[in-house]
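This report is written for someone meeting the structure for the first time.

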Amino acid sequence: MILTKDQDLDNIRLAGRLTGEVLEIISRAAAPGMTTWELDELAEKTIRGFGHIPTFKGYRKFPGTVCISVNEEVVHGIPSKKKVLKDGDVVSLDIGVSVRTVVDGKNFDFIGDSAMTVPIGKVTERVQKMLDDTQASLYAGIKAARGHATLDEIGGAVEDIGKAGQYGIVRDYGGHGIGPDYHEDPFIFNYRTGSKTKLKPGMVIAIEPMFNLGGHKVRTKSDGWTVVTQDYKPSAHFEHSLLITEGEPEILTKRPSEVIL
Ligand code: MG
Ligand code: MG
């Protein structure tokens with residue numbers, strides 16, 4: 001999706017800002033003893049309170065508002081009343097907010113998509129470093145995402161940090177274009193592929209590196225959603241939605257208290 005009209009830019013900025021606000025609220029609420037279901041309820045209530053729509057709820061029949069992935073779960077974890085957070089866990093929170101407009105009688109959604117992984121209580125130094133490095137790789141990818149840059153420049157920037165930390169860089173999932181139906185082309189790899197595809201000003205994309213403490217391989221559990229590391233080592237995931245410009249991209253989903261390094 002390429003946006004140029006002021007009204008469209010206002011809507012995508014609103015969707016992004018609300019996504020950042022909700023993510024900050026639920027990441028701060030996450031604490032030992034809480035279930036992932038409760039976090040999901042808080043997110044849904046907050047988004048509906050803003051007067052907007054939780055993008056993921058019902059998307060390809062996903063039952064929640066937030067993908068909540070704990071420890072060895074990489075992405076697409078389903079919120080559950082049985083899943084209680086405990087000291088030492090790492091929790092990935094991935095959320096989308098849709099701002100709905102109607103064009104020629106049809107719904108047209110502007111979507112923000114963002115994720116972060118937070119420690120619950122005290123985690124090991126090695127795990128904390130994985131969280132910090134994954135976030136740093138997202139920022140490096142964002143810096144590379146200038147107008148007319150190639151997708152390979154983004155993948156390379158992310159890969160360099162992943163390799164330096166000796167993480168398993170997840171290959172089966174990655175960033176993407178964002179359109180009115182959520183995901184769209186191009187797929188954005190978190191490593192070098194030689195892609196010459198260029199970013200065009202006005203594009204809306206998500207960059208989302210996932211680093212594992214062990215190997216890069218993942219598999220989907222029998223629930224059809226939850227992606228876990230094959231070696232059950234923990235994983236981290238950070239994501240922002242961006243508006244591509246002629247120069248540095250605009251970070252649409254920046255959280256209110258986030259300091260971009
Ligand atoms: Mg996401
Ligand atoms: Mg995404």
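Which residues coordinate the magnesium ion (ligand 2)? In this predicted model, the magnesium ion (ligand 2) is coordinated by Asp-113, His-176, Glu-208 and Glu-239, where donors are N, O and S atoms within 2.8 Å of the metal (3.2 Å for Na, K and Ca), and sites may look incomplete because water is not among the atoms. The protein donors of both ions are set out below.

Along the chain, the donors of the magnesium ion (ligand 2) follow the spacing D-x62-H-x31-E-x30-E. His-176 lies in strand S7 (residues 175-179) and Glu-208 in the loop between strand S9 (204-207) and strand S10 (210-212), so this pair ties together parts that are 32 residues apart in sequence; strands are DSSP runs (E, at least two residues), numbered from the N terminus. Both His-176 and Glu-208 are buried, that is, under 20% relative accessible area (1.4 Å probe, protein chains only).

The magnesium ion (ligand 1) lies 3.2 Å from the magnesium ion (ligand 2), and Asp-113 coordinates both. Asp-113 belongs to strand S5 (residues 106-119), while Glu-239 sits in the loop between strand S13 (235-237) and strand S14 (240-243), so the two tie together parts that are 126 residues apart in sequence. Asp-113 is buried, as is Glu-239.

Residues are numbered from 1 along each chain as its sequence is written, and chains are lettered from A and ligands numbered from 1 in the order in which they are written. Local features need pLDDT of at least 70, side-chain atom pairs count only at pLDDT 80 or more, and totals for chains, interfaces and linings use all residues, while side-chain values use heavy atoms, with hydrogens and water left out.

Note on methods
Helices (H or I, at least four residues) and strands (E, at least two) are DSSP runs, numbered from the N terminus. Buried means under 20% relative accessible area, exposed over 50%, partly exposed in between (1.4 Å probe, protein chains only).
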